[in-house]
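Subject: Structure handover

Hi,

Here is the structure I promised to pass on. Please look it over first, then read the notes below it.

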Protein chains: 6
Amino acid sequence: MSRFRLTVDDHIMIAHSLNDPFFGPAQNLHGATLSIQASFFRDSLNEFGVVMDIGAASELLASTLEPLRYQNLDELEEFRDRFTTTEVIIEHIAQRLAAGLPAGHGLSAVEVEAEEHPRARASVRVQL
Amino acid sequence: MSRFRLTVDDHIMIAHSLNDPFFGPAQNLHGATLSIQASFFRDSLNEFGVVMDIGAASELLASTLEPLRYQNLDELEEFRDRFTTTEVIIEHIAQRLAAGLPAGHGLSAVEVEAEEHPRARASVRVQL
Amino acid sequence: MSRFRLTVDDHIMIAHSLNDPFFGPAQNLHGATLSIQASFFRDSLNEFGVVMDIGAASELLASTLEPLRYQNLDELEEFRDRFTTTEVIIEHIAQRLAAGLPAGHGLSAVEVEAEEHPRARASVRVQL
Amino acid sequence: MSRFRLTVDDHIMIAHSLNDPFFGPAQNLHGATLSIQASFFRDSLNEFGVVMDIGAASELLASTLEPLRYQNLDELEEFRDRFTTTEVIIEHIAQRLAAGLPAGHGLSAVEVEAEEHPRARASVRVQL
Amino acid sequence: MSRFRLTVDDHIMIAHSLNDPFFGPAQNLHGATLSIQASFFRDSLNEFGVVMDIGAASELLASTLEPLRYQNLDELEEFRDRFTTTEVIIEHIAQRLAAGLPAGHGLSAVEVEAEEHPRARASVRVQL
Amino acid sequence: MSRFRLTVDDHIMIAHSLNDPFFGPAQNLHGATLSIQASFFRDSLNEFGVVMDIGAASELLASTLEPLRYQNLDELEEFRDRFTTTEVIIEHIAQRLAAGLPAGHGLSAVEVEAEEHPRARASVRVQL
């Protein structure tokens with residue numbers, strides 16, 4: 001089982017619409033601030049006594065979020081024909097984070113949580 | 001392992017007493033605001049790209065909490081002969097949430113967390 | 001000086017663009033969750049020992065926010081030819097709240113605060 | 001104008017009922033966790049570079065709250081014939097804090113804020 | 001009266017000691033994370049509908065905090081012969097922020113709040 | 001799987017330096033407030049309907065943190081020749097908490113989380 005976790009924060013502000021009657025008023029073009037928490041899991045600490053360098057973790061998260069900042073997700077190729085729900089967005093971010101990890105990272109999992117408003121949030125965990 | 005989690009919030013304001021010397025001053029009739037977070041776990045997303053409809057999740061939580069709002073738990077039949085600790089209350093809520101899920105929900109677990117005051121909280125997870 | 005304050009919370013999720021080079025990347029169509037806190041000030045309590053009925057305060061805030069929920073502010077008549085910054089939006093909300101107060105409210109001021117993302121927020125106070 | 005503010009936190013868990021139809025379901029005997037923030041204002045710092053000793057501030061708040069902890073406010077003499085709304089409770093606390101300040105305190109005001117649940121809070125300021 | 005407020009956040013992690021028996025165990029060399037909120041007040045909005053450019057506000061705060069980051073305050077010339085209490089540190093920051101504002105800023109006040117730990121915080125307001 | 005969790009909070013304010021170029025500016029002697037959350041896991045509730053006595057949990061956490069409060073970790077014997085990263089500190093705390101549990105505790109795991117600043121936190125889980 002993963003024993004250690006390191007979490008860093010960032011956020012994105014995006015527009016989108018969810019085009020199915022299932023989503024009610026969210027079918028309109030609207031937007032959201034997604035407050036993002038990215039967590040990295042490791043079974044034991046590295047030689048410096050950390051899960052990973054916290055600066056590197058923050059920079060990896062920032063560069064992963066960069067293509068989404070101030071965007072209208074309805075116009076992005078990577079979400080074509082998908083509902084850009086919070087769950088879909090965080091899965092996308094988690095997969096990009098996992099792909100961006102350096103060789104020999106020693107991590108067991110990546111988790112991404114997004115708070116979309118003060119009363120709801122979602123998370124996804126990707127095993128590595 | 002559960003991969004996705006959706007969490008929605010609500011709260012209840014209840015009175016109760018904990019009638020055993022084990023509980024010290026909480027033996028008095030007093031009360032609490034329980035800030036509730038209900039989480040729903042699912043291994044993969046449904047056809048709409050969500051764990052479950054967030055509106056349905058919020059309504060299920062609200063209707064589950066309704067019989068407890070503004071109540072003195074010492075007088076409720078469902079807690080007769082039980083200590084109404086935070087742990088007991090959240091287990092009750094989690095079991096009712098699980099029982100209220102629609103057929104074919106596809107969820108793997110439900111978790112309920114309650115913050116009883118700014119420095120203490122408890123949670124319980126029920127596998128489905 | 002106002003002595004008592006009552007604050008209630010709500011939120012809106014909107015899309016907008018800020019069309020001037022002053023706003024940098026926020027010139028793009030993007031969006032935000034605005035976590036809203038509305039405060040009502042009163043020099044002394046009413047006959048029921050409150051600033052105002054908390055349910056009435058929450059409903060007034062909710063109905064004031066209703067026309068903005070899930071909207072693209074670029075398309076709303078009331079913001080035509082204005083930059084829909086957080087400050088402009090909260091001033092609009094505060095003025096509508098003030099206009100919606102019942103006769104004989106006895107309040108001295110209304111304040112609206114919005115958190116637009118985890119690291120920035122703005123407020124405006126309107127004297128009554 | 002007060003320039004400096006020092007704030008310390010504590011909380012109480014109480015039962016009460018609000019016996020007038022004005023209060024709707026809160027007419028029932030129920031309860032609340034009141035998360036309390038007590039603020040002390042001073043125009044300039046004392047010889048030690050502080051508004052007041054932070055330990056003394058915390059102890060004053062704790063001893064002021066002590067008679068209310070784990071109580072049913074319906075049974076307390078000091079609230080007889082009053083509605084124990086959040087506003088009434090915090091005014092009571094603020095007045096007791098003010099009365100408990102040491103001679104020569106040099107403060108200009110005391111403010112007490114209580115969060116009664118995650119979506120509502122109230123405050124009162126008492127000038128000294 | 002100031003009507004609008006814009007607030008941005010940052011933080012510093014410093015070491016220091018408070019060398020007087022008044023401070024009890026804080027006489028030891030220890031440290032703190034100071035979570036900083038800087039607020040800027042303005043009576044009316046500028047031509048872009050804001051209190052000030054939020055990016056400029058964040059950069060001004062960051063550059064003001066830069067000389068304090070990862071420092072032992074006991075060794076800094078600007079705090080020689082002073083107790084580096086939270087109040088003294090935030091007054092220093094507020095004065096530097098005020099001094100760093102661009103000409104023609106139109107602001108009426110600057111306020112700096114620091115949370116030194118989860119249960120205590122302080123603020124100072126400097127009129128401009 | 002552990003089903004119930006009880007969490008209590010406390011904090012420490014420490015100085016330290018991280019003496020390797022890996023840590024960049026944190027090589028300087030600086031400090032941190034570590035906001036600590038200690039969680040206790042149990043598969044079923046005890047005879048009183050709790051994971052463990054919440055007062056006992058808070059006291060165990062407080063006494064475990066006592067030797068670290070207001071300390072310069074560079075001078076403590078137990079961290080000699082180690083980098084006192086957040087991860088190393090919380091593992092130390094978790095092991096001490098586990099060692100301090102009473103006989104027959106019935107717990108399955110202990111978890112310690114520390115927030116070192118508003119945008120980063122770490123946790124460690126120790127199976128019992």
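His16(F) sits in strand β1 of chain F; strands (E, at least two residues) and helices (H or I, at least four) are DSSP runs, numbered from the N terminus. The model is predicted, so local features need pLDDT of at least 70 and side-chain atom pairs count only at pLDDT 80 or more, while totals for chains, interfaces and linings use all residues. Residues are numbered from 1 along each chain as its sequence is written, chains are lettered from A and ligands numbered from 1 in the order in which they are written, and side-chain values use heavy atoms, with hydrogens and water left out.

Back to His16(F). Its relative accessibility is 7%, so His16(F) counts as buried. Buried means under 20% relative accessible area, exposed means over 50%, and partly exposed is in between (1.4 Å probe, protein chains only). The side chain of His16(F) makes a polar contact of 2.8 Å with that of Thr84(F). A polar contact is a pair of N or O atoms within 3.5 Å; within protein, one must be able to donate a hydrogen and the other to accept it, and residues adjacent in sequence count only if both atoms are side-chain atoms. Leaving aside neighbours within four places in sequence, His16(F) is in contact with Asn28(F), Leu29(F), His30(F), Asn72(F), Leu73(F), Asp74(F) and Thr84(F). Contact means heavy atoms within 4.5 Å.

Next, Arg5(A).

Arg5(A) belongs to strand β1 of chain A. At 14% relative accessibility, Arg5(A) counts as buried. Two polar contacts of its side chain are worth a look. One joins Arg5(A) to Thr7(A) at 2.6 Å. Another joins Arg5(A) to Glu113(F) at 2.8 Å. Not counting residues up to four places away in sequence, Arg5(A) touches Ser39(A), Phe40(A), Phe41(A) and Val51(A), and also Glu113(F), Arg121(F), Ala122(F) and Ser123(F). Arg5(A) and Asp43(A) are 38 residues apart in sequence, yet their C-alpha atoms are 8.8 Å apart in space.

Now the salt bridges.

Side chains of opposite charge can pair when their charged atoms come close. Here a salt bridge is a side-chain nitrogen of Lys or Arg within 4 Å of a carboxyl oxygen of Asp or Glu.

- Glu113(B) pairs with Arg5(F), with the closest N and O atoms 2.8 Å apart. Glu113(B) lies in strand β3 (residues 109–117) of chain B and Arg5(F) in strand β1 (residues 4–16) of chain F, so this pair joins two chains. Glu113(B) is buried at 17% relative accessibility, and Arg5(F) is buried at 13%.
- Arg80(D) pairs with Glu77(D), the closest N and O atoms being 2.9 Å apart. Both Arg80(D) and Glu77(D) are exposed.
- Arg121(D) pairs with Glu115(D) at 3.5 Å, N to O. Arg121(D) is buried at 7% relative accessibility, whereas Glu115(D) is partly exposed at 33%. Elsewhere, salt bridges that share partners link Asp9(A), Glu115(F) and Arg121(F) into one network.

Last, how the chains meet.

What do chain A and chain C bury between them? The answer is about 1600 Å², 67% of it on carbon and sulfur atoms. Buried area is the accessible area (1.4 Å probe) that two parts lose on being put together, summed over both. Met13(A), Leu29(A) and Tyr70(A) supply 31% of the area that chain A buries against chain C, more than any other three residues. The contact takes 19 residues from chain A and 19 residues from chain C.

Between chain A and chain C there are zero salt bridges. Nine residue pairs are in polar contact across this interface (both at pLDDT 80 or more). On the side of chain A that touches chain C, the elements giving two or more residues are β1 (4–16), β2 (30–42) and β3 (109–117) of chain A. β2(A) gives the most, with five residues.

A rotation of 180° with 0.0 Å of shift along its axis superposes chain A on chain C (RMSD 0.0 Å). The two copies are thus related as by a two-fold rotation axis. Superposition is by least squares on the C-alpha atoms of residues with pLDDT of at least 70 in both copies. Also, 100% of the interface residues of chain A are interface residues in chain C, so the copies meet through the same surface.

Some chains do not touch. Chain A and chain E have their nearest C-alpha atoms 13 Å apart, with no contact. No contact joins chain D and chain F either, and their closest C-alpha atoms also lie 13 Å apart.

Best wishes
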